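Subject: Handover of a structure and findings

Dear colleague,

Please find the structure below, handed over for your use. My notes on what was found in it follow directly after.

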Amino acid sequence: MQRIISIRVAVATLACIAVLAPAVATAQVPPADPPEERTTGLPPGIEWKFNFDAAGGSFGFRNSVFNDPKEQVPEDFGSHWFEGFVKPSLSATYTLSSSSQLYGKLSAVGERTYGSAPELVGSDFSSFLPEDAAIGWRSGQSIGSSPDLVDVEIGRAQYKLGHGFLLYDGAAEGGSRGGYWSNVRKAFAFAAIARVKPGAHTIESFYLKKDDLPEHVTGTELWGTNYEFRPGQHTTVGATYMKFWAKPEVSPQRDHLNVYNVRAYTSPFPAARDLSFEFEYAAERNGDALDSNAWTLQGAYELSAVSWKPKFSYRYAYFQGDDPATPRNEAFDPLLLGFSDWGTWWQGEIGGEYFLVNSNLRSGMLRAHVSPTEAIGGGLMFFDFRLDRPAAYAPGVTDAHLAFEIDGYTDWKINKNFTVSFIAAFANPGTAIKQATSQTRNFNYGMIYIAYSY
């Protein structure tokens, strides 16, 4: 979260009274000069914002299957490891005479992971690289009747589509960069985003190039156009088209891929605002290289008038798998999804982070969340993971049951700067994992993560 740094220095002045001999006239001590105002040294007339984010986490596993489903790059995780990051950033906004604004942001990320590196890299690894480096212009009240009717941004920047089902994370983590779970890097290596917002409508056109790991360069880039309509505070519907390109020798299914997406997030009944629904559908079309579909549907109900505000939700998600009996590839490409909430869209702190991906997957998630205070929230998530096409998972796999997982989580906002998150997770391997890996023991996982934001 961003905060404007305002440092005010107050200096107390003591008035000195000199008492002289009766024969000597009394002289008045001149007042002290006012203290000189301290400045940032940055050009005046510009609104500057400085942010500093940092976090550190400790992770522990027992009996797990390790992989990197995010980048499909093998990882040799240890049973216990630690990772942390720092992210300083500087933002600036300059208001022109027309009320339009120029804005920009610079940031960098330094991160390090201990105890989880592949043998090729070493026992630990780290990186310090630029993150945001973008400049933009928004129209303010200078065009039309809508505020900021036009907004254009270019450079290293972030872009998120909906709740991150397909497009959220523009940079790869883990591997030689470190910070696998923290995943703090989000900016695309290059982004050009144009946005028009007349009233309740939003129309966007964007070009994005992914910031790949140096050891796994996919060459992913895309152009897209997005439309969203928000008729009120409680409903958003959207539709998106995207065209992808990639290195054909690395990601042949993604090179020249067409993606169509529709979505809706709504609380449709004025008399029952605690009841909400989410729906999203994606179609991927690229001839025989890829012809696949995915969709998700969620219903939730929050008892907002009850103490602790319990909220219960159920979500079903389907990501098509490849049928080995056909020459066409039907395995859904998870694209550039990201984390927007627990279980979204890395499904499960064990499964989604370390051995399964949003492809060839049918998942059900039952979640119960409570907020005892404004500072504390937590809950339980139950996942049932099943394969869409068992034969496509690994040689010899005939059963669809992948795993059953339970995650317990707590987020404690200690103060305006510090937040601590706790996770305890358990997963029972299904027959599919036993057939693929001979793993029969239950997975156990624990994590404590401390984040600082200024």
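Ser251 is found in the loop between strand E9 (235-245) and strand E10 (257-266), where strands (E, at least two residues) and helices (H or I, at least four) are DSSP runs numbered from the N terminus. Ser251 counts as buried because its relative accessible area is 7%; buried means under 20%, exposed over 50%, and partly exposed in between, with a 1.4 Å probe and protein chains only. Leaving aside residues up to four places away in sequence, Ser251 touches Thr218 and Ala246, a contact being heavy atoms within 4.5 Å.

The basis of these values is as follows. The model is predicted, and local features need pLDDT of at least 70, side-chain atom pairs count only at pLDDT 80 or more, and totals for chains, interfaces and linings use all residues. Residues are numbered from 1 along each chain as its sequence is written, and side-chain values use heavy atoms, with hydrogens and water left out.

Overall picture

The protein has three helices and 18 strands. Of its 454 residues, 44% are buried. Among contacts between residues at least 6 apart in sequence, 60% join residues at least 24 apart. The accessible surface comes to about 22,200 Å², and 60% of this belongs to carbon and sulfur atoms; accessible areas come from the Shrake-Rupley method with a 1.4 Å probe, and for residues only the protein chains shown count as cover.

Strand pairing around E18

Strand E18 covers residues 443-453 and strand E17 covers 418-429. E17 and E18 run antiparallel and are joined by 10 bridges; two strands pair if DSSP finds at least two bridges between them. Within this pairing, Phe422 has Ile448 of E18 as its bridge partner. Strand E1 (residues 47-62) also pairs with E18 in the antiparallel sense, over 10 bridges. Here Gly60 has Gly446 in E18 as its bridge partner.

A nonpolar surface patch

Ile376, Trp412, Ile414, Phe418, Phe422, Ile448 and Ile450 form a nonpolar patch on the surface, and together they have about 570 Å² of accessible area. Patches are made of residues with over 30% relative accessible area and no salt bridge, with nonpolar side chains (Val, Leu, Ile, Met, Phe, Trp, Tyr) joined within 5 Å and like charges within 9 Å. A salt bridge is a side-chain nitrogen of Lys or Arg within 4 Å of a carboxyl oxygen of Asp or Glu. Strands E17 and E18 each supply at least two residues of the patch. In a regular strand the side chains alternate between the two faces of the sheet. Ile376 is found in strand E15 (residues 376-386) and counts as partly exposed because its relative accessibility is 32%.

Asn286 lies in the loop between strand E11 (275-285) and strand E12 (291-302). With a relative accessibility of 14%, Asn286 counts as buried. The side chain of Asn286 reaches the backbone oxygen of Asp255 at 2.8 Å. Not counting residues up to four places away in sequence, Asn286 touches Pro252, Gln253, Arg254, Asp255, His256 and Leu257.

Tyr316 is found in strand E13 (residues 311-319) and is partly exposed, since its relative accessible area is 24%. The side chain of Tyr316 makes a polar contact with that of Arg362 at 3.5 Å. A polar contact is a pair of N or O atoms within 3.5 Å; within protein, one must be able to donate a hydrogen and the other to accept it, and residues adjacent in sequence count only if both atoms are side-chain atoms. Residues touched by Tyr316, beyond those up to four places away in sequence, include Trp295, Thr296 and Leu297. Tyr316 and Phe383 are 67 residues apart in sequence and 9.9 Å apart in space, C-alpha to C-alpha.

Backbone points

The peptide bond from Thr344 to Trp345 is cis, with omega near -5°. Trp345 has its place in the loop between E13 and helix H1 (348-354).

Asp148 is not a glycine, yet has a positive phi of about 50°. Asp148 is found in the loop between strand E4 (124-138) and strand E5 (150-156), and is partly exposed at 29% relative accessibility. Ser438, a residue other than glycine, also has a positive phi, near 65°. Ser438 is found in the loop between helix H3 (431-437) and E18, and counts as exposed because its relative accessibility is 61%.

Yours sincerely
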